Amino acid sequence: TGTQPTAPTGLECWETATFNNMTCLWEVTGTQPTAPTGLECWETATFNNMTCLWEVTGTQPTTPTGLECWETATFNNTTCVWEVTGTQPTAPTGLECWETATFNNTTCLWEVTGTQPTAPTGLECWETATFNNTTCVWEVTGTQPTAPTGLECWETASFNNTTCLWEVTGTQPTAPTGLECWETATFNNTTCLWEVTGTQPTIPTAVNCWDDYQFNETLCTWENLGTQPVQPPVLDCRDTPIFNTSSCAWEVGIALPISEEDVTFCDEEILILEAQTNISNPSYVWSTGDISYEIAVHVSGTYTVEISGDNCSFETKSFNVSKLETPKIKAVVSDGNNIIVTTTNAGDFEYSIDGIIFQSSNIFSNVEGGFYTIFVKEINCDSIVTIEHLHFFIPRYFTPNGDGTHDTFSLSGIEYFSSSEVSIFDRYGKLIKFSRNSPFSWDGTFNNQNLPTNDYWYVIIIEGYKFTGSFTLKR
């Protein structure tokens with residue numbers, strides 16, 4: 001019994017199964033046909049199991065189109081692509097700036113076109129046209145010759161395009177004639193005109209009534225043709241010819257030499273006027289009627305004395321007498337810590353508050369409060385007028401630092417009033433110091449302790465008048 005082994009299936013088309021009775025096996029034999037060789041790079045060999053043949057497929061890549069005239073397409077069997085080779089002809093070099101190179105794809109050549117710009121025309125005589133290969137334009141250079149300078153105002157410079165030069169023409173205006181002797185003609189280069197200047201010499205001021213000035217055109221000066229009238233003879237030693245400039249005539253009269261002197265005297269003083277002279281054997285006649293060498297006066301005014309002596313000698317003395325006024329005090333007032341004195345009359349007055357040291361100013365500054373006698377006098381007289389003044393002021397600050405200046409807040413002079421009250425408060429209204437009907441001075445302490453720098457307030461009542469305000473303690 002037994003069954004022959006089943007023949008193998010799924011054999012390739014080139015395989016054959018044969019049963020080997022010796023080995024009792026199916027044996028498969030056969031060889032696939034050899035793949036074709038020498039294929040092009042674009043060809044592919046595929047085995048067809050139906051026909052049991054190799055089939056070659058594929059198409060060569062299409063040749064490229066649109067090539068430039070200088071390009072060539074060659075198929076590369078290695079890379080299996082078309083390779084385009086060739087180079088466009090090199091553009092021409094050394095072109096002029098106005099030339100343009102354009103490639104002609106028909107002739108496969110570069111064509112050069114363009115025309116040099118036309119040189120400019122109508123140039124001025126001094127201009128030169130040069131072609132600039134960088135900017136590709138004609139450049140006109142050159143400068144008109146500089147117009148001449150320093151021309152006279154009557155000269156005109158015109159440019160000659162033929163000779164290419166400036167030509168100066170013109171003539172200076174003619175100087176004026178017929179000038180007066182005092183006139184001068186000067187050419188004005190600004191206005192380009194002759195200017196006549198000069199003024200006829202001013203006629204001299206007539207010093208004398210007989211002066212008669214006439215202008216001399218030849219000498220160009222004024223000449224005085226007048227003459228003073230002749231002086232008449234004198235008949236007496238005291239006769240003095242005096243020329244009267246109003247009537248322009250000589251008048252004979254007696255002229256006595258006069259000397260003047262200013263004299264002052266104090267109130268209630270008798271002034272003695274003396275007629276001092278160098279005349280021999282003098283005699284005197286005063287304007288008061290006195291005929292003595294001296295007179296006594298006590299009234300302001302002018303006093304004269306005529307003195308005559310031997311050999312017809314004479315002179316006149318005049319005394320201007322004025323009385324110095326005694327000061328009349330109008331008022332004395334306190335202004336802060338200053339005392340000011342005024343008078344009802346004016347004069348060269350001096351002022352003092354101690355009767356020893358006097359000053360010209362009527363204001364005494366920084367005076368401590370108190371009772372003072374004010375003295376006023378005329379500086380050249382001995383008489384002194386006085387007035388009593390109670391000086392009272394309230395200081396604005398004090399500095400208790402022991403330097404001897406403003407160490408206390410003092411109300412000097414308050415003791416001279418019949419009734420007074422002083423109260424000092426701190427900023428919180430606390431009473432620090434109080435005094436009644438007595439001199440007042442505060443050293444800036446409370447319960448023997450120094451109070452700090454600050455503002456403090458006061459209430460002062462003097463004979464019913466109330467003063468309130470503040471002052472500063474500075475340490």
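Cysteine 24 counts as partly exposed, at 43% relative accessibility. The structure shown is a predicted model, and 9 disulfides are present in the structure. Three of these links are presented in the views below.

**View A. The disulfide between cysteine 41 and cysteine 80.** The two sulfur atoms of this link lie 2.4 Å apart. The link is right-handed, with 80° about the S-S bond. Distant parts of the chain are linked here: cysteine 41 belongs to the loop between β2 (25-29) and β3 (44-48), and cysteine 80 to the loop between β5 (72-76) and β6 (81-85), 39 residues apart. Cysteine 41 is partly exposed at 32% relative accessibility, whereas cysteine 80 is buried, its relative accessible area being 18%.

**View B. The disulfide between cysteine 97 and cysteine 136.** The S to S distance is 2.3 Å. An angle of 80° about the S-S bond accompanies a right-handed link. Because cysteine 97 sits in the loop between β6 and β7 (100-104) and cysteine 136 in the loop between β9 (128-132) and β10 (137-141), the pair ties together parts 39 residues apart in sequence. Cysteine 97 has a relative accessible area of 30% and is partly exposed; cysteine 136, at 19% relative accessibility, counts as buried.

**View C. The disulfide between cysteine 153 and cysteine 192.** The sulfur atoms of this pair are 2.2 Å apart, and the link is right-handed, with 80° about the S-S bond. Cysteine 153 is found in the loop between β10 and β11 (156-160) and cysteine 192 in the loop between β13 (184-188) and β14 (193-197), so parts that are 39 residues apart in sequence are tied together. Cysteine 153 counts as partly exposed at 29% relative accessibility, while cysteine 192 is buried with a relative accessible area of 17%.

How values were computed
Residues numbered from 1 in each chain as written. Predicted model: local features only at pLDDT ≥ 70, side-chain atom pairs only at ≥ 80, totals over all residues. Heavy atoms only, no water. Disulfide = S-S within 2.5 Å. Helix = DSSP H or I, 4+ residues; strand = E, 2+ residues; numbered from the N terminus. Buried < 20%, exposed > 50% of the residue type's maximum accessible area, 1.4 Å probe, protein only.
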